[in-house]
There are 2 protein chains.
Amino acid sequence: MLNEKLTNPKSIAIIGASNNLQTPGGRVLKNLIDQKYKGELFAVNPKEIIVQGVKCFQNIDNLPKVDLAIIAIAAKYTLDTVKILAQQKNTKGFIIFSAGFSEKDEEGKKLEQAIVDEINSVGGTLLGPNNIGLINQNFAGVFTTPIPKLNSKGVDFISGSGATAVFIIEAAMATGLTFSSVYSVGNSAQIGVEEVLEHLDETFEEATSSKVKLLYIESVENPQKLLKHANSLIQKGCKIAAIKAGSSSAGSRAASSHTGALANSDVAVDALFKKAGIVRCYGRNELITVASIFMHPELVGKNIVIITHAGGPAVMLTDTLSKNGLNVPEIKGKKSEELLSKLYLGSSVSNPIDFLATGNAEQLETIIDYCEHKFEEIDAMVVIFGSPGLFEVFDVYDVLHKKIRTCKKPIFPILPSVVNVKKEIDFFIEKGNITFPDEVLFGNALGKIVNTSKPKRITKIKSTFNSDKIRTIIKSVTNGYLQPQIVKELLLAADIPIVNEAICTSKKECKKVANELEYPVVMKIVGPVHKSDVGGIILNISSEEKLIASFDTIMKIEGATSVLIQPMKKGIELFIGAKKEDKFGHLVLCGLGGIYIEVLKDTQAALAPVSKNEALEMIQNLKSYKIIQGFRNQQGVNENKFAEIIEKVSDLLAIAPEIIELDLNPLLGNSKEIIAVDARIRIEK
Amino acid sequence: MLNEKLTNPKSIAIIGASNNLQTPGGRVLKNLIDQKYKGELFAVNPKEIIVQGVKCFQNIDNLPKVDLAIIAIAAKYTLDTVKILAQQKNTKGFIIFSAGFSEKDEEGKKLEQAIVDEINSVGGTLLGPNNIGLINQNFAGVFTTPIPKLNSKGVDFISGSGATAVFIIEAAMATGLTFSSVYSVGNSAQIGVEEVLEHLDETFEEATSSKVKLLYIESVENPQKLLKHANSLIQKGCKIAAIKAGSSSAGSRAASSHTGALANSDVAVDALFKKAGIVRCYGRNELITVASIFMHPELVGKNIVIITHAGGPAVMLTDTLSKNGLNVPEIKGKKSEELLSKLYLGSSVSNPIDFLATGNAEQLETIIDYCEHKFEEIDAMVVIFGSPGLFEVFDVYDVLHKKIRTCKKPIFPILPSVVNVKKEIDFFIEKGNITFPDEVLFGNALGKIVNTSKPKRITKIKSTFNSDKIRTIIKSVTNGYLQPQIVKELLLAADIPIVNEAICTSKKECKKVANELEYPVVMKIVGPVHKSDVGGIILNISSEEKLIASFDTIMKIEGATSVLIQPMKKGIELFIGAKKEDKFGHLVLCGLGGIYIEVLKDTQAALAPVSKNEALEMIQNLKSYKIIQGFRNQQGVNENKFAEIIEKVSDLLAIAPEIIELDLNPLLGNSKEIIAVDARIRIEK
């Protein structure tokens with residue numbers, strides 16, 4: 001837990017403070033002084049009496065009690081220092097810049113753990129080690145520059161990489177994005193991204209807290225905590241965007257099943273973000289652009305008007321918005337003609353509204369007023385206004401400044417002339433505005449936000465089926481793939497429809513079973529994992545004669561131990577899978593079967609528990625959804641039933657978390673029923 | 001044609017020159033003077049004697065002969081001015097800034113045409129009207145600022161939008177991208193983007209010309225010219241990137257066939273760019289990033305090493321490169337251990353090479369030397385180096401500057417600290433380097449370049465089939481959809497395999513035909529366009545009894561005029577289509593049939609003529625290509641045969657350009673043969 005000594009210290013000691021501004025201990029003190037830290041400041045350095053005008057202690061033993069220690073000395077000295085501070089100086093907040101801990105070697109890891117233990121023993125909080133520190137409204141406890149523009153309604157930014165945090169702050173300064181806090185967690189020895197987010201959630205206050213959170217994550221250590229607090233913050237009205245770097249390495253993992261190949265830790269991250277409602281970004285520029293949009297009023301609706309004096313960028317933005325599913329609707333009718341009459345000849349108001357290179361501030365004001373009050377179909381305005389360099393545009397940006405504050409509809413300012421009207425842009429930013437330099441980067445970011453699904457309510461399992469029975473079965477089995485008969489019992493106990501079937505080891509048994517099930521039947525090999533790869537599935541067996549021949553064929557295949565006989569069912573092949581993904585818990589996947597999952601990789605994944613509504617959203621997001629709906633004169637699939645089975649699978653996983661892989665592949669579906677015709681389950685206790 | 005009077009004038013007159021720098025006529029003169037134009041300058045303005053130190057003529061009649069006139073007066077005065085210049089002053093180059101022509105109204109359009117006629121009559125060249133002008137090594141004939149850094153090896157940039165050109169120049173200045181020329185074509189009254197490109201192609205000289213061309217296009221007026229010269233320039237070693245804005249509006253067009261719905265002018269642009277080898281961009285930032293990569297040595301191979309002192313950006317770049325099909329291979333072995341021993345403890349050399357926050361210039365030099373000389377598997381280096389703000393990094397960027405010039409492998413510098421080390425970045429750029437501020441934008445642009453296909457050689461048709469027969473058939477038919485029998489004759493004449501079939505209007509005929517073709521047969525409705533929508537296809541008719549019943553069923557359907565009987569063929573459904581797309585000529589499409597084209601929209605398109613190799617590339621680029629290859633134990637399709645038929649369709653279109661729509665849908669294919677089982681052709685003479 002983060003304590004107030006860390007986030008709002010009344011006194012700070014810099015251990016390793018220096019007059020040399022090229023050292024972390026020198027620069028952090030300078031930052032604290034420059035940013036007018038209001039509490040008491042102490043320096044510790046054996047060689048100095050005064051550091052940067054601050055009283056310096058040569059020996060830490062002489063230091064008075066202090067809330068927060070910022071430690072910038074060699075790693076090997078840190079443990080002793082922490083001990084004295086924790087045990088004698090009532091210090092409860094620690095920021096350790098020093099490197100040379102768990103990121104370096106085993107020895108460093110032990111040292112780090114010893115420090116954490118020491119700090120834990122007094123209920124203290126540690127940020128770092130190996131980080132750049134912490135900036136918030138109270139103090140600038142970082143050794144890096146620049147210090148961003150601070151503002152309690154700016155973004156809260158938690159970063160797993162110090163350098164990335166610096167580069168993001170640098171890039172953000174040119175656009176006017178302000179910060180409420182920046183947490184660099186370094187090695188996350190005690191406090192990681194998840195714990196800071198938890199803190200922001202638990203201390204959130206509607207009136208005073210920032211509503212925008214940015215995360216840069218390299219490793220999700222506690223997915224459930226991340227999910228819980230991100231989801232909670234978003235439910236409270238916050239917006240969160242995050243980069244989870246390291247997405248590509250996971251793809252190479254070997255996998256023993258369809259679901260195994262389709263689900264990996266990056267799919268799990270996607271699923272977690274989707275469930276939480278986090279907008280996933282992949283780069284610094286994108287994160288900043290998304291954050292800048294978040295700092296404007298939320299876009300409600302999809303109808304955008306583009307207002308410009310320059311055709312080209314408006315056309316490119318129209319393309320980009322359209323590609324992202326947003327509308328740039330034509331504006332027609334009397335009011336639009338009225339507006340046109342107020343602009344120079346040759347202007348266009350049909351959307352984009354182009355008021356020509358000669359368009360002026362007064363006209364912009366008129367246009368915005370029409371869009372705000374008279375064009376009811378419009379939900380938001382994007383104003384693209386640069387300059388060829390002939391005259392100043394202070395008046396135009398003043399109109400923007402005023403209208404952004406008074407209009408109910410969001411107004412996004414795209415100001416591309418970063419050279420010609422740099423002064424005007426700087427002045428506009430100084431007054432508290434945020435700008436976007438490139439219309440296409442803006443349009444894609446807006447699209448990404450609009451297309452991120454809403455956070456899901458965390459659901460509980462339904463109790464409509466036999467959980468006792470499920471537990472009894474799980475207790476009775478050993479690790480590995482379950483026998484077909486056990487799979488069937490488990491699915492039936494979970495109320496998941498599976499085709500009637502029986503295993504036969506002799507021709508006589510085959511005949512008996514086939515007669516009971518009624519012809520035509522299907523015969524499948526028991527033994528090898530990929531039945532169809534070895535030719536171990538024979539469909540549409542319509543007579544006893546063919547049944548016997550099929551039995552002979554299959555039993556000759558290597559690895560065959562027996563055969564499975566099922567009635568022949570028809571329908572569209574569907575797929576439901578589940579996989580336990582390390583700390584994330586279970587991923588549930590769905591899609592159409594066969595080539596759709598294997599060639600086209602058209603699947604959707606969600607983190608369990610999956611509600612029926614969430615399952616419906618998954619189904620509707622499939623590229624092949626049209627086939628489920630029924631395409632041309634082909635019957636579709638009952639998507640309600642499909643969603644119900646997905647939910648039941650999720651419930652089964654909740655009762656039997658020992659299931660590490662589950663494949664219903666295929667299920668056969670039509671407009672009335674869906675039934676699994678092949679299933680595999682793997683257990684690990 | 002662009003003449004030398006426009007591009008390299010010995011004398012320039014500014015019509016409408018002014019001392020007021022807020023006017024185009026004032027600013028262009030200032031630019032010409034500031035950029036040290038070496039020829040003679042004249043001003044024309046009835047109210048002045050000297051303008052900005054340049055001799056001014058009150059009356060154009062007194063002007064001496066002049067090569068180029070830059071006209072910045074009201075539209076209504078331009079025609080008279082042009083007449084005097086063209087007829088009396090031997091002026092052959094014209095740039096008209098003025099607006100109020102074809103972009104405004106009909107009257108303006110007529111005025112514009114009159115000016116073009118006048119200029120054509122003396123063999124002159126006109127850039128504009130309604131543009132910002134022209135900048136090249138010889139003069140800065142634009143009324144806008146800033147003037148970019150000029151350099152004969154910088155990029156040639158042709159823009160269909162003046163404002164977009166300005167914004168691109170502005171954004172490029174921060175990264176060091178230099179220009180060789182900037183052409184703003186405005187209304188393209190005489191000279192459009194295509195004509196400028198033609199000029200650059202025809203005047204191209206290996207030793208002295210720029211090798212990078214950028215285009216911003218809003219309307220492709222002459223696709224064939226664009227294709228010819230882009231392709232030619234690229235074959236000569238140039239690189240071209242282009243934005244074609246206005247891609248989204250086309251999607252809404254109503255269409256009467258599959259191909260119609262899949263092919264539109266934006267697909268045609270894609271196909272044209274692909275054939276030419278142009279890298280298609282969608283925004284200013286992307287265009288600049290691609291151009292900046294073009295200015296570095298070409299990446300040969302796909303193995304990239306990332307060298308950095310900051311982990312985060314390297315991880316994000318690794319993800320981005322991997323997503324784009326590039327490799328960040330692990331570096332192992334003795335040499336890598338040797339390198340590791342030369343870096344600080346805790347560094348990593350396995351790729352990304354991370355030499356820690358404390359890494360210095362000397363270490364960077366060593367690392368680059370290893371990557372250049374010792375790590376043979378590496379094709380290019382990306383160096384990410386910023387600064388947390390503690391000290392200067394001039395020495396690091398000096399190493400980069402030196403190595404970029406001496407290494408054979410390309411080195412791409414990502415310099416994210418745009419605030420902390422702005423001075424160093426500016427100095428680095430001043431010395432002629434180009435930087436990338438964001439690693440992910442860089443990585444995506446590099447991926448886009450690598451994944452753009454090589455330009456196609458423009459092929460001629462083969463003469464292996466009966467073109468006389470084809471012409472005879474085309475001459476004999478009227479506009480509209482051809483009758484099935486004619487379609488069949490046309491396809492057979494083009495050597496395109498189509499299933500044997502016959503049209504029957506009576507049960508008696510049906511019986512006769514089915515016996516000849518041999519059972520089982522297929523019966524299809526003749527009449528309605530979408531046969532399967534109305535239930536007008538009955539497959540697998542195995543007996544005379546079923547044949548008669550089928551005939552009854554189909555003839556009851558509204559619109560049925562007769563039935564078509566074919567032998568029942570089996571195989572994977574394929575699709576080949578063609579559509580005449582306005583000025584672009586014919587688009588040829590291919591894909592798998594059925595849901596693949598209708599639900600998954602998985603098609604590839606190319607601009608005719610399509611060679612067999614190009615057809616193979618199309619097939620291999622299909623998302624469903626694995627199915628064509630043969631998936632699991634399912635037989636695939638002979639892709640060679642598939643490609644041959646695509647080429648034959650292309651040849652047919654060359655001989656019969658009156659074909660405006662052609663659908664072979666489906667063809668049935670297996671590993672041996674491919675045969676069309678349904679075909680439609682529409683003609684417009």
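Strands are DSSP runs of E of at least two residues, numbered from the N terminus. In this predicted model, strand β27 of chain A spans residues 659-669 and contains Pro666(A). The peptide bond between Asn665(A) and Pro666(A) is cis, with omega of about 0°. A cis peptide bond also joins Ala608(A) and Pro609(A), again with omega of about 0°. Pro609(A) lies in a loop of chain A, between β26 (603-607) and α22 (612-620). A further backbone feature concerns Ser188(A), which has a positive phi of about 55° although this residue is not a glycine. Ser188(A) is placed in the loop that runs between β11 (179-184) and α6 (193-202) of chain A.

The relation between the two chains was examined next. The same surface serves both copies, since 100% of the contact residues of chain A recur in chain B.

Chain A contributes 74 residues to the contact, and chain B contributes 74 residues. The area buried between chain A and chain B is about 5700 Å², and carbon and sulfur atoms give 57% of this area. Of the area that chain A buries against chain B, 12% is supplied by Arg284(A), Leu390(A) and Arg632(A), more than by any other three residues.

Between chain A and chain B, 2 salt bridges are found. In one salt bridge, Arg284(B) is paired with Glu439(A), and the closest N and O atoms are 2.8 Å apart. Several elements of chain A give two or more residues to the side that touches chain B, among them α2 (24-34), α5 (162-173), β13 (239-244), α10 (284-294) and α16 (439-450). The largest share of this side, 9 residues, comes from α11(A). By class, the side of chain A that touches chain B has 32 nonpolar, 27 polar and 15 charged residues.

One annotated region was also considered. An unreviewed UniProt entry places the feature "domain: ATP-grasp" at residues 488-524 of chain A. Over residues 488-524 of chain A, the chain is 46% helix and 19% strand, and the end C-alpha atoms are 15 Å apart.

Note on methods. Residues are numbered from 1 along each chain as its sequence is written. Chains are lettered from A and ligands numbered from 1 in the order in which they are written. This is a predicted model: local features need pLDDT of at least 70, side-chain atom pairs count only at pLDDT 80 or more; totals for chains, interfaces and linings use all residues. Side-chain values use heavy atoms; hydrogens and water are left out. Contact means heavy atoms within 4.5 Å. Buried area is the accessible area (1.4 Å probe) that two parts lose on being put together, summed over both. A salt bridge is a side-chain nitrogen of Lys or Arg within 4 Å of a carboxyl oxygen of Asp or Glu. Helices (H or I, at least four residues) and strands (E, at least two) are DSSP runs, numbered from the N terminus. Ala, Val, Leu, Ile, Met, Phe, Trp, Tyr, Cys and Pro count as nonpolar, Asp, Glu, Lys and Arg as charged, and the others, Gly among them, as polar. UniProt positions are given in the numbering used here, feature names are shortened, and annotations may be inferred rather than shown by experiment.
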